[in-house]
Amino acid sequence: MHQTGTASTGRVLQNVHNSIVTVDQDLNVIPMLAESFEQSDDGLTYTFRLRPGVKFHNGSEMTSADVKYSFERCANPDTGAVNFEVFNAVESIDTPDPLTVVVTLNQINAPFLSRLAENGAGVIMPEGSGDVQGETPIGAGPFRFVRREFGNEVELERFDDYWDGPAYLERVIAREIPEPTVRLTGLRTGELHMINDIPADRIGEIEDAGELQVVKWFPLNWDFVNLNHTFEPFQDARVRRAFDMIIDKEVLLEGALWGQGAVTASPSYPTSASFNADLVQRPQDIEGARALLEEAGYPPGSLDIVFKATTNYPYHIESAQILVEWFRMAGVNLTIEQLTWADWLSQCWVDRDFQMTMMNFFTLWEPDFLYYSLFNTVGAFNYRSVSDPEIDALTEEARITVDPAERAEIYKAVQQRLFDEAHDIMLWFRNGSIGAQPSVGGLDTIVHPNGSNLNFHKVWLNA
Amino acid sequence: MAYIINRVLSVLLTLFLISVITFAVTNILPGDVAMMIMGTQSNPEALAGLRESLGLNDPLIVQYGRWIGGLLTGDWGHSLVFREPIAPLIAQKVVASGVIVVMSMTIALLFAIPLGVWAAIHRDRWQDSTASTSALVGVSLPDFFWGIMLILLFARALGWFPSSGFVHPADDLLGAIRHAFLPSLALGLGLMAHLTRMTRSTMIGILQQEFIRVARAKGLAEREVVWSYGLRNAIGPVLTVAGLQVGYLFGSIIVVESLFNYTGMGWLTYQALLNRDIPLIQSSVFVIAAVVMLTNLLVDLLYVVIDPRIRLS
Amino acid sequence: MRGFMTGKGLLGGGIVITMLLVAILAPLFIPDTFATRMDMRARLSGPSLDHIFGTDQLGRDLFYRVVLGAQTSVMIAGAAVLMSVVIGLPLGIISGYYGGVIDNVLMRLVDTLLSFPALLLALTISAVLGPNLTNTIIAIGIAFTPFLARIIRGEALRVAQMPYVEAARAAGTTDLKMIIRHVLPNIMPAIIVQGTISLAFAILAEAGLSFLGLGTQPPDASWGLMIQASRDYLDVAPWTALVPGAAVAITVLGLNMFGDVLRDVLDPRTQT
């Protein structure tokens, strides 16, 4: 899974693969394909003891060579893997015996282990299978890949030799139905057993009716409003703070998502050790924002801003419309441009050609992944061109800080700085939801602790 | 014969022009497929590598030549996002859309012919305006609006038909018809107006003709005169108009198939367009345009067979 | 003019005139912020005294939205059809009037473009240009041009072959004079009829593009966009779809009826 699409059927496809390590409910790194792992005292050597007898879908047994192959493949940016930077500090990967892998770093990379538990980087695939992964993914997960029609269907079947016991379901077919009404109708008429993402305004109604099961979890992802730091007005922290003050996050959450989530001033996973709970969002203060903008040299009527929002997330379009009203009150003229996902990616993500936009990210619970990629000047996800020496220094420092408590404090400082400078406008964590027929069992196991993967291993269907 | 040769030559020329226009337009689309494949994991180096390996860096004329050469030799290339060979992909989707096109046309004609005949018999009376107005209602609302209404009524409230998906007719004929029914009905409602109008005016013309008067004079029942003598002669022109509506239909299926998740040509083309899958856009748009043009040609040729006067001009 | 006095003519004409008046006058009397003003405590509320047509998912008043949206929808449709006439007219006249090679070349091109379904063409153009109001007009305008050019060409050909036109040409009247004096006035009825019917299709096309996110941009109100936004709430708040749906249906119905009557009156030859 080193190359991943963004379509939601991709989350079902994740059942094909297993990672070397994973996380438990409290986000501690725990064994998966590795039976155990240990870190040397100097923090430079990681030794993984592999689980014996793990079978891949092609029948071969997992050995240290497969792990070495998978890591090296991911480390090579040519394969298109963005996680390659996880392996930046890796000096060597040794395989002293078929069930032992030793990874040696040339400098401390504190988040290394937990990054392997994040999506992607720690996935183990059979040696030499890299070229076929794109078309026919093959791994050691509970389900094997059968077929996929992009944008429509993915079909998986049970892998009987799964190391952790075969799954209950014989087959999983995931169909992409972008229209919420059609999706919900399909569930209600029994055409579908389960749907992902119940339309936010219907959750209450469906829970009350009691005919269907509803699984909700928090958080699925988080949203923020982006300001392009190369756009002149946004180079002034006062303007950014003023923009933050214009937005009433509670009302916006209610308006765009019918309250299905919780506002936050920090994107850190709320139960993680590094979450800075002291931060409170700026309350809406249109007058204050006007004054601040005036002070920065932008009197009412002088700012005309294009807000690019992608139709891929309809609630972003709703949010944008609400923002337009508030910004008008603050004397800022906001114009919405709706973009398809392809256009958003090309214009905002890659070309960084935007003034203001909005995006959401899966809960990147691993703080290095979150703060380094998104906010470091050279971060892979820094499409807003944020460049703050203090944040750069802090995120670098965290990487070489081994003590977890100390690291957590550094990340709290990062959050404080992000809030003070209002580099982006943090909005909320959004709830995840699944609707299912009464016949579906094992729903309590379906959501991976990271809040984004859907795990079908222990889901069943009553006759 | 000369007429037919002439037509065939002009068809080839038009196909060529279609290919040039399709190719030109798809190449000025913003965004690119490398980005879609990599999504939020895009980074400049990986993108550059992917673009190179996808052949996106070659000069346009080379890309065009490669595409046309492939089209002619049956190698339509690979879809970049579906990661499948394009020719079989399109062949499969054409079947899906074919089911919808035939069904929506059938539904439209089943309504339009009786309505049009009824209007013609009662020309300029209340029945006439009732018939043409009710047919117009169908075309007065966007087809996706009908689509959503039909889902709520027939799938949600009544539970008679599935709300989404496609079933291949070779696997399960009844299932295929059930899945295609709602999208076909949504499209059929839009087609009805024009066909009703055509049926009405054709029937009015025919009912004034000599042989109808003779039939009436012979004492045949009015019902038989209209439905058997009259309609038999009106069918040709009405079917001709129906054939010409195929172009309109292929536009509408983009929206309707997407709404119903019915994976036919309209859905495929929209997906290709959304994902900037240039090779797939090129081939699917080309196929749609070619199908529309060939249908029109077929209609023209049928007309020559039906109406010998064309041959003289 | 007797033809207008039928029930169909009066109804169609009445609808068209009413819609035009609403589109022109509403923005003069109602501030445009009324269409975007939100009330989070009154979301998806049904028709009431406060909101006679109810509210949408953001608590915006549907009466103001549909009334002010008339301007957007009518303007886009009108400008798009005007554009296709402006481009199609010279193409059609030159082709039909001169015939020969020019005609062959132009009509081959038009036929080619006609093979592309109009919505597919509009969709692609819109994707190329990027979504906004002007580009929506351009996309629909270009997509409709081949069809109008074809109709105009047929008419121009017919007029050019009329005996008195041929005679005048033989007598040495310049082509420009011929076109302005004889061809244009003679093909005007057909253009008006086709233009009216195209308006109906343009309103539907705008709705289709907006449905796919490539038409009018929010928070501007256009009927197509309103229907698009309502689709998630249809079963709980049907008025959100019915109000703009009715506006589209009535307008398109009116245009079609008016077009029919115009055809009867102005252009009886092509009566169907």
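Student: How many bridges join S11(A) to strand S15 of chain A?
Tutor: 7 bridges, in this predicted model. The two strands run antiparallel. S15(A) covers residues 356-362.

Student: Which residue of S15(A) does A:Val225 face?
Tutor: A:Met358 stands opposite A:Val225.

Student: And S11 with S16 in chain A, parallel or antiparallel?
Tutor: Antiparallel again: S11(A), residues 213-227, pairs with S16(A), residues 424-436. That pairing has 11 bridges.

Student: What's the partner of A:Trp217 in S16(A)?
Tutor: A:Gly432 is the bridge partner there.

Student: Zooming out. How many helices and strands does chain A have?
Tutor: 14 helices and 18 strands.

Student: Why call chain A as compact as a globular protein of that length?
Tutor: Its radius of gyration is 23 Å, and the globule rule gives 23 Å for 463 residues, so chain A is as compact as a globular protein of that length.

Student: What box do the C-alpha atoms of chain A fill?
Tutor: Roughly 70 × 60 × 35 Å, along the principal axes.

Student: What share of chain A is buried?
Tutor: 52% of the 463 residues. As for contacts in chain A with a separation of 6 or more, 66% come from residues 24 or more positions apart.

Student: Switching to chain C. How many helices and strands?
Tutor: Chain C has 9 helices and 0 strands. Along the sequence the pattern reads α-α-α-α-α-α-α-α-α.

Student: What box does chain C fill, and what share counts as buried?
Tutor: The C-alpha atoms of chain C take up roughly 75 × 45 × 30 Å along the principal axes. Of its 272 residues, 55% count as buried.

Student: What about contacts in chain C between residues 24 or more positions apart?
Tutor: They make up 69% of the chain C contacts with a separation of 6 or more.

Methods. Residues are numbered from 1 along each chain as its sequence is written. Chains are lettered from A and ligands numbered from 1 in the order in which they are written. This is a predicted model: local features need pLDDT of at least 70, side-chain atom pairs count only at pLDDT 80 or more; totals for chains, interfaces and linings use all residues. Two strands pair if DSSP finds at least two bridges between them. Helices (H or I, at least four residues) and strands (E, at least two) are DSSP runs, numbered from the N terminus. A residue is buried if 20 or more other C-beta atoms lie within 10 Å of its own, exposed if 12 or fewer, and partly exposed in between; C-beta atoms are placed from the backbone. Two residues are in contact if their C-beta atoms, placed from the backbone, lie within 7 Å. The radius of gyration is taken over C-alpha atoms; the globule rule is 2.2 Å times the number of residues to the power 0.38.
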